[in-house]
Every structure is written in structure tokens, then in C-alpha cells.
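Hi,

Here's the structure I promised to send over. Have a look at it first, then read on for my notes.

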Amino acid sequence: MITQQQEQSKAYVLAGIFTLSLRLIVGWTYFSAFWRRLVLENKLIPDGAGYIGEKFNHFLPNSIGIKPVIEYLVSTPDLLWWAMVIFTLVEGVVGLLYML
């Protein structure tokens with residue numbers, strides 16, 4: 001017969017496995033974006049093919065609520081590049097820490 005303490009311990013183990021899997025999946029989602037943008041193919045070069053700022057520019061007509069911010073960043077390419085670099089680095093660090 002299973003005691004109440006054993007049932008509670010089993011529930012804690014299942015909750016731990018569930019949260020670990022969520023942490024790994026969400027953390028990898030963030031970290032892989034950093035990995036793809038910076039390591040596999042550097043998409044932070046403004047003159048290179050696949051520059052992330054171009055995707056940012058294509059998102060402009062569909063942005064609701066943050067359209068003025070995106071419009072300002074697209075109109076100032078230097079600031080857009082810095083925003084993309086900072087966002088990519090923060091995304092990589094957050095993803096790595098989330099997995100760890």
C-alpha cells in the first residue's frame with residue numbers, strides 16, 4: 001500500500017520532470033535564436049544576405065502598439081543594429097541561464 005508521503009514524493013518527482021522539460025525547451029528556443037544569428041550564420045552584418053534588420057523592416061506594417069518604436073529603429077540603421085546586437089546577446093544569455 002502506498003502511503004501519503006510516497007504519493008507526495010511521486011508528485012514532486014513528476015512536477016520536477018515536467019518543469020525541467022519546459023525549462024529545456026523554452027531555454028533552447030531562446031538560445032538557438034542567438035546561435036543561429038551569431039554562430040551558424042552571422043545575420044548581424046548590415047550589408048550581408050539575411051540581415052536581421054530586413055526582417056524587422058518587413059514586420060513594420062503588421063506591428064500593432066509598437067509601430068512607432070519599430071519605425072524609429074528602421075529609420076535609424078545604426079540604432080537598429082545596436083538594438084539587434086543587444087537583443088541577440090540578451091536572448092542568448094537568458095536562454096542559457098534558463099536551461100541551466
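This is a predicted model: local features need pLDDT of at least 70, side-chain atom pairs count only at pLDDT 80 or more; totals for chains, interfaces and linings use all residues.

Let's start with the core. The largest nonpolar core is made of 7 residues: Leu-44, Tyr-51, Ile-52, Leu-73, Leu-80, Met-84 and Val-85. Helix α4, which covers residues 77-99, is the top contributor, giving 3 residues to this core.

Next, α3 (residues 67-75) against α4. Their axes come within 5 Å and cross at roughly 115°. Angles from 65 to 115 degrees count as roughly perpendicular, so that is how α3 and α4 sit relative to each other. On the α3 side the contact involves Tyr-72, Leu-73, Val-74 and Ser-75, and α4 brings in Pro-77, Leu-79, Leu-80 and Ala-83. Sorted by class, that contact has 7 nonpolar residues, 1 polar and no charged ones.

Then there's α1 (residues 4-40), which also packs on α4: the two axes come within 7 Å and cross at roughly 145°. The crossing is left-handed. Among the α1 residues making the contact are Arg-23, Trp-28, Phe-31, Phe-34 and Arg-37, while α4 uses residues including Phe-87, Glu-91, Gly-92, Gly-95 and Tyr-98. By class, the α1 and α4 contact comes out at 13 nonpolar, 4 polar and 3 charged residues.

Cheers

Definitions and conventions: Residues are numbered from 1 along each chain as its sequence is written. Side-chain values use heavy atoms; hydrogens and water are left out. A nonpolar core is a set of buried Ala, Val, Leu, Ile, Met, Phe, Trp, Tyr and Cys residues joined through side-chain atoms within 4.5 Å. Buried means under 20% relative accessible area, exposed over 50%, partly exposed in between (1.4 Å probe, protein chains only). Helices (H or I, at least four residues) and strands (E, at least two) are DSSP runs, numbered from the N terminus. Axes are lines fitted to C-alpha atoms, for helices over the stretch in contact, and angles run from 0 to 180 degrees between N-to-C directions. A crossing is left-handed if the near helix is turned anticlockwise from the far one by less than a right angle, and right-handed if clockwise. Contact means heavy atoms within 4.5 Å. Ala, Val, Leu, Ile, Met, Phe, Trp, Tyr, Cys and Pro count as nonpolar, Asp, Glu, Lys and Arg as charged, and the others, Gly among them, as polar. Angles under 35 degrees count as roughly parallel, over 145 as roughly antiparallel, 65 to 115 as roughly perpendicular and the rest as oblique.
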